[in-house]
Amino acid sequence: MCAIVGYTGYKPAIPILLDGLRSVEYKGYDSVGIYLPLSGPYKNVGKVEGLVDILPDNLVSTAGIAHIRWATHGVPSLENTHPLTDTNKNVWIVHNGMIENHDELRQELQEKGHIFTSETDSEILAHLIADEYEKCLKPHNAVAKALEKVVGTYGLAVMFSNLPDTIVIASMGNKMSIGIKDGEYIIASETAPMLRHTSNVVQLRDGEYAIVTPQGYTIYSFDHEKLSRKPKTIDIAKETALRKDVPHNMMKDILELPRVLENSARGRVIMQEGTARFGGLDEHMKELSELKRLIIVGCGSSYYAGLIGKLMLEDYVKIPVEVVYGSEFINRKVMEAQDGTIVLGLSQSGETPDIIDSLAIAKKAGIRTYGLVNVVGSTISKMVDTGMYNHAGPEQGVRSTKGYISQIEVLALMTLELARIRGLSKARGAEFIAEIKQLPDKVRTILKERRKIKKLAEEYLGYDDFLLIGRKYNIASAHEGALKLKKVSYVHAESFPAGEVKNGPIAMLNEIFPTIAIMPSDSVYDAMRKDVELIRERGGPILAITTEGNMDAYSFADDVIFIPDTRECFSPILANIPLQLFAYYSGALRGFSQDAPLRPSNVVTFDQDTDE
Ligand code: BG6
């Protein structure tokens with residue numbers, strides 16, 4: 001979600017850095033900053049062009065680091081925009097990733113007299129490095145020593161105010177590379193900023209750091225061993241083609257889903273305790289342990305994620321949960337405050353008016369309000385008593401893809417935390433986590449097969465009506481799949497709980513009305529099978545989404561999409577991936593650009609404001 005660019009050499013750094021930033025703008029961001037030694041930082045909450053406007057004309061620098069940020073810890077503001085520095089402004093850093101133990105480290109550093117000026121987890125790095133630099137005066141050693149204390153992920157670039165042409169970089173879970181030209185080094189977290197300058201690139205591996213000056217670069221392992229690594233030649237034509245291969249933001253968002261699942265869970269699972277932990281819930285544990293009734297309020301995809309959350313909470317925490325559309329919550333009689341009731345607002349954007357109104361009504365009635373939102377600093381994040389962030393990154397394609405998947409995962413982790421305080425065993429909690437941790441790779445497996453889903457979308461291109469069905473956890477998948485199909489490909493799609501089809505909807509089915517049945521091999525599979533048998537009699541094609549290895553599906557389905565096996569409550573995460581892809585390809589094949597809805601239906605959100 002963030003990107004880093006750096007330069008050290010003999011040419012003016014500013015145009016190279018700005019060009020590099022422009023080449024990664026497609027990632028989505030809310031703020032941008034640059035550090036030039038001897039002249040300091042320049043930052044803008046907004047676009048790169050806004051930064052250009054505030055850069056003085058007379059700046060001369062042959063080195064610098066720059067960053068685009070999408071807020072995850074701390075709202076988009078000048079204070080939180082990278083480059084960030086330490087108390088004495090000796091060290092400047094730009095960081096991608098997440099520091100999991102930032103709270104503990106901050107406390108230790110504050111006790112030593114460090115003064116923090118941002119709400120970010122990243123600022124910790126500047127202070128830690130400054131602390132070490134005072135002791136050892138070797139920039140790369142200071143970075144390595146500081147990183148020994150850090151738990152988390154980073155792509156990191158560091159400059160020191162007294163070493164104007166030195167950049168130290170490090171990598172752990174986030175890429176960092178050095179592009180090499182004669183006497184010039186372009187540093188970046190992606191290849192795009194380098195492509196215009198060089199095809200010679202050295203990539204750091206996890207657990208490595210490097211010092212880069214115009215005289216050259218040296219790479220070290222975290223055991224301080226010097227490593228020799230020859231640059232690789234990037235195929236610039238192929239790299240450019242690869243980017244063109246992903247023409248729409250919606251597809252880019254879908255391809256980021258494995259990473260989204262990793263980021264949303266990062267720092268929130270404690271395997272040895274078999275539980276999850278959210279900073280925003282820590283101080284509310286008493287209230288949560290006494291929770292008697294939860295009301296989830298959501299609109300669109302967020303409502304459907306809420307339906308899955310309800311089932312998880314009822315299955316594992318055993319509390320009654322109601323899920324209400326934001327547009328209907330506001331029509332209900334004003335509720336009296338009741339002890340043990342919480343209203344949880346779900347909203348990717350954090351700006352959906354019906355959710356804002358619902359939460360306002362709940363607050364007025366004296367009911368406690370929580371939020372699960374993706375956009376840091378959004379209206380909902382500010383109005384609730386407490387809450388959690390999705391940490392899904394910017395939703396560029398407007399439709400909720402990353403938002404929906406991460407909402408389900410965060411609700412699962414919240415379920416786990418509540419279940420553990422209500423008696424779920426540590427061992428069962430650990431099993432739950434182990435399965436969550438496998439989800440990103442399982443999503444990767446599905447994404448690798450996306451061409452098959454494209455072929456299916458082609459096969460089904462002639463149909464104008466679709467029915468989507470599921471039972472239990474996958475009723476929400478059917479609703480969400482139908483919503484996406486409507487929004488993205490503009491075809492008519494109905495969704496029903498599979499057991500309800502016989503009570504009316506079956507009348508509309510015929511041989512030109514295909515059914516997509518979401519039916520992993522789980523506790524409701526046999527019932528689903530009967531529902532599908534009934535639908536089959538109407539003659540329309542059946543496309544089944546089921547668990548890998550379930551050959552039985554071929555006995556009743558015309559086409560089958562397999563998803564990896566997982567715990568029943570996580571199957572909507574996996575089932576949703578082919579549904580998103582099917583909707584995407586169905587739209588693309590019908591000639592619709594997923595980035596320019598025919599009839600925009602989202603409220604104007606933060607994401608759209610930043611979407612170019
Ligand atoms: C609608 C969008 O306007 O808002 C849906 O079309 C979205 O895609 C819904 O799911 C809710 O949005 P949010 O931001 O509150 O999750």
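The model on display is predicted.

**First stop: the ligand**

Select the ligand together with the residues around it. The shell comprises 11 residues, of which Ser302, Ser347, Ser349, Thr352 and Lys487 come nearest.

Begin at Ser301, where a backbone N or O atom lies 2.9 Å from an oxygen atom of the ligand. Move on to Ser349: here a polar atom of the side chain is 2.6 Å from a ligand oxygen atom. Then select Lys487, whose side chain places an N or O atom 2.4 Å from an oxygen atom of the ligand. On its own, the ligand has 390 Å² of accessible area, and the protein covers 89% of that area.

**Second stop: His82**

Select His82, in the loop that runs between β4 (63-69) and β5 (84-85). Is this residue buried or exposed? His82 has a relative accessible area of 3%; the cut-off for buried is under 20%, and His82 is therefore buried.

Leaving aside residues up to four places away in sequence, His82 touches Val32, Gly33, Ile34, Lys43, His67, Arg69, Ile93, Val94, His95 and Ser122. For His95, one of these, a distance can be drawn: its backbone nitrogen lies 3.2 Å from a polar atom of the His82 side chain.

**Third stop: cysteines**

A disulfide is a covalent bond between the sulfur atoms of two cysteines. How many disulfides does the structure hold? A search of the model returns zero. Two cysteines may still be selected for their accessibility. Cys2 has a relative accessibility of 14% and counts as buried, whereas Cys136, at 30%, counts as partly exposed.

**Last stop: Gln438**

Select helix α17, residues 426-448, and locate Gln438 within this helix. The relative accessibility of Gln438 is 40%, so this residue counts as partly exposed. Gln438 and Gly591 are 153 residues apart along the chain, and their C-alpha atoms are separated by 35 Å.

Definitions and conventions. Residues are numbered from 1 along each chain as its sequence is written. This is a predicted model: local features need pLDDT of at least 70, side-chain atom pairs count only at pLDDT 80 or more; totals for chains, interfaces and linings use all residues. Side-chain values use heavy atoms; hydrogens and water are left out. A residue is near a molecule or strand if one of its heavy atoms lies within 4 Å of it. A polar contact is a pair of N or O atoms within 3.5 Å; within protein, one must be able to donate a hydrogen and the other to accept it, and residues adjacent in sequence count only if both atoms are side-chain atoms. Accessible areas come from the Shrake-Rupley method with a 1.4 Å probe; for residues, only the protein chains shown count as cover. Helices (H or I, at least four residues) and strands (E, at least two) are DSSP runs, numbered from the N terminus. Buried means under 20% relative accessible area, exposed over 50%, partly exposed in between (1.4 Å probe, protein chains only). Contact means heavy atoms within 4.5 Å. A disulfide is a pair of cysteine sulfur atoms within 2.5 Å.
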